[in-house]
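I opened the model to look up a few things and note them in order. Chain totals come before single residues.

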2 protein chains.
Amino acid sequence: MKGETQSCLLTGQGQKTSRDMSDLKKITGRPSAEEEQRLNMSESFRKILDLSSGDSQNAGIKPITFVRQVIAGCTYPRMLQGDALPPDARLRAQKLLSHFDGGSIGSYTESCGVMYVRNTIAKSISLRDGGVLCSPEQIFITADTQRALMRMLQVLCQSEGVSAVMVPDPAPHTLARLLERMGVVPVTYQLREQSGWSVERAELNRAIQASRGRCFPRTIYISNPGNPTGHVQSRESIQDVIRFAANEELFLLVDEVYQDTVFADGSEFVSYKRVLAEMGEPYSGRVQLASMHSLSNGIMGECGFRTGYMEMVNVDEAVMLYIEILLTGDLCPPVIGQIALDVMADPPCPGEPSYSLYTREVASRLMTLKCNVSRAVEFINDLPGFSCQSVQSGIFIYPHLTLPHTALTHSQSVGLLYSRRLLEDQGVYVGFSEDHTHSGSCCHLRLCVLMPSDELEEALRRLQSFHFQFLKEYCDTGETFSEPQQSVK
Amino acid sequence: MKGETQSCLLTGQGQKTSRDMSDLKKITGRPSAEEEQRLNMSESFRKILDLSSGDSQNAGIKPITFVRQVIAGCTYPRMLQGDALPPDARLRAQKLLSHFDGGSIGSYTESCGVMYVRNTIAKSISLRDGGVLCSPEQIFITADTQRALMRMLQVLCQSEGVSAVMVPDPAPHTLARLLERMGVVPVTYQLREQSGWSVERAELNRAIQASRGRCFPRTIYISNPGNPTGHVQSRESIQDVIRFAANEELFLLVDEVYQDTVFADGSEFVSYKRVLAEMGEPYSGRVQLASMHSLSNGIMGECGFRTGYMEMVNVDEAVMLYIEILLTGDLCPPVIGQIALDVMADPPCPGEPSYSLYTREVASRLMTLKCNVSRAVEFINDLPGFSCQSVQSGIFIYPHLTLPHTALTHSQSVGLLYSRRLLEDQGVYVGFSEDHTHSGSCCHLRLCVLMPSDELEEALRRLQSFHFQFLKEYCDTGETFSEPQQSVK
């Protein structure tokens, strides 16, 4: 099973339920192959469908051709002489090679990435933000977003007292473990599910007030477009968060890795950087901000390249230097990833040979996402016990599951039980979060839907079949759910 | 300047002399471009020659063709259909792709690397070690050796009291900073320059005795073949270290990244793992060991791919699991690097189409290294004040420089002054270490000599010219050195 596994889950090693299941394969890896084989040989299904992680190429989505062509040309420059690659891919590869030391992708680059690519990224940000200036010195290319986040937390959480960061709930599933590992206390602000997972100022105020005396948060982490919720913040909502950050003197740490995957009609990604710049003084020159983007999560979906970048705004020069020093620990980010970032930031233009294919591939990916999300949300909302907010962006849906209160004993975790059984019975692997605001019989599931539509239909079919079986088994308590009203296409 | 820079040095930011100069570019990056341009425009030389870092492709050494062909095929699989690549490269790429999730290098792999490649590595280790068993479960592929080392130190330095590791002096130039950053106390054992940088048991005993009361080392770090000294330990010397580790219950952390670059007649690399296994009980089943290897330093010289691996021997299952958990922080190592590791561990065989070219390329690299080392050691030994031990492996020479005692004021660091002036006057960038066992007028220089021979001649010419100018300027104290007896080819 790719990207993530559930071996601890399957081998019953008694993992804490607070540990997200989707990380368990990464933790143990080794027994999972056998487990997977065992599951794969089960009669009830042909192969495991992994909906827990955002690994689109594993799920069958093809890579963007142009980026692979440019990398192939840089890797094996003899290809630049023939016509195996389109002219613009050859030209791009030649240009990039001329900026790598020794003309080779086998050399180190600067710790923050090669200046040429940082410059491409800076230009693309400025273009995205309607001309708001961005300089390559503000761009730090990193080995991946996790690493970037880790470095930022190292820098930001060095103040006296208990290190703390304001974080949303729900949040990206890797965040809690990262904070725990770094000894950073999370100060949680709830996103409001009823209003489409909005960030609300009153809740931010409540959360920071509640932390007083216990810790002293100097940073607020924001995920926009939201992971795993799929909400997209409006300009007004962003302004509200910026004013809050300014009042409380918080550093804004903004995860914007899903900025290229907004697909809902009427939704638009606006960057924190742009909103901040357009708010003018006293905010624009004062509020400190770091925004993260990545090859893994965006339209590229190149998880295996392990590369992303951060843009720093209003950050003190001494802090910038300190971050650079921390980044030297990795010597330099992977060079192949830097090539892919150059293509992501500067795709083929109209009139260039690869423009048409590139544009079609990106549009097709967004259309797949849009259709799949719409189909999955509708389907799941029709299953008894489920409710799912609409989704504007990203690659996940995040439905809420409520089971009859008496269905489970208190010792059981709904999310753990449900996802374990779904995997064992039907070979569908999903992420989950327990719902701590209710009693023990609620949870959220996290399902990645970026996959070919026939795979999605198969996953939904198995989920439906499992769901009614599960209800029969665990919820036969007098409360009954209605029969299935829908059929799989 | 690629890979490393000296901007702080040039901009006079008052870096501590204890910080190795070769890391300074990685720290500041930004001003270095201008500095470099200024230096490049100097009339006295055409371009900067960077001998400080082990970045062979920057220095003009070409990559191994087969590895680039396999990566190009994996990256852009359409190439696997034509005949742009030799059949064995196509076959290898197809095989590898079939083991990546979704058949793509864009997917995540397990955190320790894809099992297929771990298996290839394990087989190659067993072959290298005359059949001593190695299982893929013992192999952890990591984002790079620095990261592997950091993770190991995290695991090994969690005991009560002050965390300490026995480390050699001299050591790889990045080690001191890594230990400092991780709060680990170095317990230094001196390598004996007079006897070819040997590791001596009496010195190990002295060092650990001297640490008593101050800290409690549980780990000994070994660099074999030695970086930057180029010595290769004999089987007897390794047995001696293993006995010492067993007696003192130390974990053996062995940096063996230069195992493929032993070129001296009569020298042979023998792994710690093999010696340990062949010593039998009570050692073979008890002494814990981690050995590191890398794409950057070995015969591949692919620094930009950022990938290496560790082999663990006799390590407790719980510790193995903990290391895996730490590695999940990176999600997975770069996939391109995993492909290159597969090729490094399993190169083309006799009879296969790429065998001849691959073998020629590797042999040519070793021959260049051998000739360059021989030439550079002889040349430098003829310069007054220099003495250089013979070198059996690796890519550096590490000559000792002694200047007349009265030449410099006590406030001056010989290494810093000499290397700074060498860079500014002649555009040759070298690493250095102060010699703390003597007064202030001794140091060692670290020069990478893996480069085309004409580049080396140019570097030696500039060094010679600078050296006599420097002696005139700083050492006109009655003590005179003889005139140059040699000429550059």
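I began with contacts within chain A. Contact here means that the C-beta atoms of two residues, placed from the backbone, lie within 7 Å. Among contacts in chain A between residues at least 6 apart in sequence, 70% join residues at least 24 apart.

I noted the ground rules next. This is a predicted model, in which local features need pLDDT of at least 70 and side-chain atom pairs count only at pLDDT 80 or more, while totals for chains, interfaces and linings use all residues. Residues are numbered from 1 along each chain as its sequence is written, and chains are lettered from A and ligands numbered from 1 in the order in which they are written.

I then looked up secondary structure. Chain A has 16 helices and 14 strands. Helices (H or I, at least four residues) and strands (E, at least two) are DSSP runs, numbered from the N terminus.

I checked burial. Of the 489 residues of chain A, 52% count as buried. A residue is buried with 20 or more other C-beta atoms within 10 Å of its own, exposed with 12 or fewer, and partly exposed in between; the C-beta atoms are placed from the backbone.

I picked helix α7 of chain A, residues 145-156. Nine of its twelve residues are buried, so α7(A) is largely enclosed by the rest of the structure. Among them are T145(A), R151(A) and L156(A). I also checked its length.

I moved to R462(A), in helix α16 (residues 453-474) of chain A. R462(A) is partly exposed, because it has 19 C-beta neighbours inside 10 Å. Its C-alpha atom is 34 Å from that of E268(A), 194 residues apart along the chain.

In chain B I looked up I139(B), in strand β2 (residues 139-142). I139(B) is buried, because 24 other C-beta atoms lie within 10 Å. Leaving out residues up to four places away in sequence, I139(B) touches R118(B), I121(B), A122(B), Y309(B) and E311(B).

Last, I looked at where the chains meet. The contact takes 57 residues from chain B and 59 from chain A. On the chain B side, α4(B) gives the largest share, five residues.

Technical notes. Expected span 1.5 Å × (residues − 1).
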